[in-house]
Amino acid sequence: MMKAIVIAKRDVLGCRIVDCMSRCDEMELIGSVSKPADVSEQTAQASQEGFLPASQADVIFCFSDNGTMLENIRMAAQRNIPIIAGTTGLSESEMGSIKRLANQTRCVLVPVVGGNEHVVAGAIRAARWVIGQRNGLYDMQDVV
């Protein structure tokens, strides 16, 4: 069973991802962090306090603002944990940082257009797929 952590804002998409995880037979939700204002601060605090067992995760889902996403991709790279990152667009600088970090882990960028079930299903499919891949940066066109 794949162990997953969800880091997301408390919005429609974040709630749908957590809900889908709780109903998914092959995935176990072992941690989730959601706070509208500053998810990264809560993530750091939760990790230090042991509430977010990142070292036990097989995959991380991160659907938050770009700054928080970059921090969490950095954390995933340090631990070599695959990360599924939702994005609504990245600057050239942010994309360069992600490309460098992806050399140390596996990262799938998922375009987020609304909080619909299609995005959630794609993220789950990406998590199943990325586990068997080599380190690098992928997008949903790569996921089979």
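User: How many bridges join strand 1 to strand 2, and do the two run parallel or antiparallel?

Analyst: As a general idea, the strands of a sheet pair through backbone hydrogen bonds, and the pairing is either parallel or antiparallel. In this predicted model, strand 1, which covers residues 2–8, is joined to strand 2 by six bridges, and the two run parallel. Within that pair, Ile 7 stands opposite Val 33 of strand 2.

User: What is the strand order of the whole sheet, and which strands stand at the edges?

Analyst: The sheet is open and has six strands in the order 2-1-3-4-5-6, with parallel pairing. Strand 2 (27–33) and strand 6 (136–139) stand at the edges, where each has a single partner strand, so one side of each is left without a neighbour in the sheet. On average, with direction ignored, neighbouring strands of this sheet are turned by 20° against each other.

User: Which strands does helix 3 lie across, and which does helix 5 lie across?

Analyst: Helix 3 lies across strand 1, strand 3 (59–63), strand 4 (83–87) and strand 5 (106–111), and runs at about 170° to strand 4. Helix 5, formed by residues 117–130, lies across strand 1, strand 2, strand 3, strand 4, strand 5 and strand 6, and runs at about 165° to strand 5.

User: Is Thr 68 buried or exposed, and which side chain does a polar contact join to that of Thr 68?

Analyst: Residues count as buried under 20% relative accessible area, and Thr 68, with a value of 4%, is therefore buried. This residue lies in helix 3, which spans residues 66–79, and a polar contact of 2.9 Å joins the side chain of Thr 68 to that of Asp 65.

Note on methods. Residues numbered from 1 in each chain as written. Predicted model: local features only at pLDDT ≥ 70, side-chain atom pairs only at ≥ 80, totals over all residues. Heavy atoms only, no water. Helix = DSSP H or I, 4+ residues; strand = E, 2+ residues; numbered from the N terminus. Buried < 20%, exposed > 50% of the residue type's maximum accessible area, 1.4 Å probe, protein only. Polar contact = N/O pair within 3.5 Å; in protein donor to acceptor, adjacent residues only side chain to side chain. Pairing = 2+ DSSP bridges. Axes fitted to C-alpha atoms, helices over the stretch in contact; angles between N-to-C directions. Contact = heavy atoms within 4.5 Å.
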